[in-house]
Amino acid sequence: PAIATRPRRELLSERLLALFLVAPQYIEEIIGAILPEMLEPQQLQDLYTKLVRCYTAYNLPGSAAAGADFRQFWHSWASKEDPHILSTADLLELYADKEFESWDDAHIRGEVQFLNTELRREYLKERRLKLAADMRQAERSGDLERVSALTREFEELAARQQHEDQPARFF
């Protein structure tokens, strides 16, 4: 019997969201580099979007978060906003508490940077492959307008990949 493997992007996504939950000092760096669609699967995209919304609420002037750490605020916020999302977040927190327990700040920073870079790379690679397949399909069907639009999108993606040092903005 073959062992089922999960996509690399899904594993990277889980690891990054686990760090988002337990290493709040790197949340802004993560938000600055990662767009929701870069994560896999949809469930983790939804969780990330909610985490970003929660973090924004946490940092609002006059927020009720005074004195609370982000994890406490997240649990309170999520139980009101979407209690079902807590089970996924709780599992990621347990994973992070175990996985990163003995890591110092330098190791966590390096891991966040690695995950940000790899998730962006994986997303762009998959996006490029899909665009190429869509272009071939449009060419076979003779849809020149679609071929032209996909070619422009492909070129924009290639240019974006060349400028990987400039992170994406979530907001």
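Leaving aside its neighbours within four places in sequence, with which residues is Glu 122 in contact? This is a predicted model, in which local features need pLDDT of at least 70 and side-chain atom pairs count only at pLDDT 80 or more, while totals for chains, interfaces and linings use all residues. Residues are numbered from 1 along each chain as its sequence is written, and side-chain values use heavy atoms, with hydrogens and water left out.

Once neighbours within four places in sequence are set aside, Glu 122 is in contact with Arg 8, Arg 9 and Leu 12, where contact means heavy atoms within 4.5 Å. Glu 122 belongs to helix H6; helices here are DSSP runs (H or I, at least four residues), numbered from the N terminus. With a relative accessibility of 11%, Glu 122 counts as buried, a term that means under 20% relative accessible area, with exposed over 50% and partly exposed in between, for a 1.4 Å probe and protein chains only.

The axes of helix H1 (residues 8-22) and H6 come within 10 Å and cross at roughly 145 degrees; axes are lines fitted to C-alpha atoms, for helices over the stretch in contact, and angles run from 0 to 180 degrees between N-to-C directions. The crossing of H1 and H6 is left-handed, which is to say that the near helix is turned anticlockwise from the far one by less than a right angle. Arg 8, Arg 9, Leu 12, Ser 13, Arg 15, Leu 16 and Leu 19 in H1 meet residues of H6 that include Ile 108, Phe 114, Leu 115 and Glu 122. By class, this contact of H1 with H6 has 9 nonpolar, 2 polar and 7 charged residues, with Ala, Val, Leu, Ile, Met, Phe, Trp, Tyr, Cys and Pro counted as nonpolar, Asp, Glu, Lys and Arg as charged, and the others, Gly among them, as polar.

Helix H6 (residues 105-140) also packs with helix H7 (residues 144-162), at an angle of about 160 degrees and with the axes 9 Å apart. That angle makes H6 roughly antiparallel to H7, a description used for angles over 145 degrees. The crossing of H6 and H7 is left-handed, and the residues making the contact include Tyr 123, Leu 131 and Met 135 of H6 and Leu 150, Phe 154 and Leu 157 of H7. By class, the contact of H6 with H7 has 10 nonpolar, 2 polar and 7 charged residues.

Within helix H1 lies Leu 17, which counts as buried at 0% relative accessibility. Apart from neighbours within four places in sequence, Leu 17 is in contact with Leu 39, Leu 44, Leu 47, Tyr 48, Leu 51 and Leu 92.

Rings of Phe, Tyr and Trp (its six-membered ring) pair if their centres lie within 6.5 Å; planes over 60 degrees apart count as edge-to-face. Tyr 55 and Phe 70 form an edge-to-face pair, 5.6 Å centre to centre with 70 degrees between the planes. Because Tyr 55 lies in helix H3 (residues 42-58) and Phe 70 in helix H4 (residues 70-81), the pair ties together parts that are 15 residues apart in sequence.

Finally, the peptide bond from Glu 40 to Pro 41 is cis, with omega near -5 degrees, and Pro 41 is placed in the loop between helix H2 (27-33) and H3.

Key: Helices (H or I, at least four residues) and strands (E, at least two) are DSSP runs, numbered from the N terminus. Angles under 35 degrees count as roughly parallel, over 145 as roughly antiparallel, 65 to 115 as roughly perpendicular and the rest as oblique. Rings of Phe, Tyr and Trp (its six-membered ring) pair if their centres lie within 6.5 Å; planes under 30 degrees apart count as stacked, over 60 as edge-to-face and the rest as tilted.
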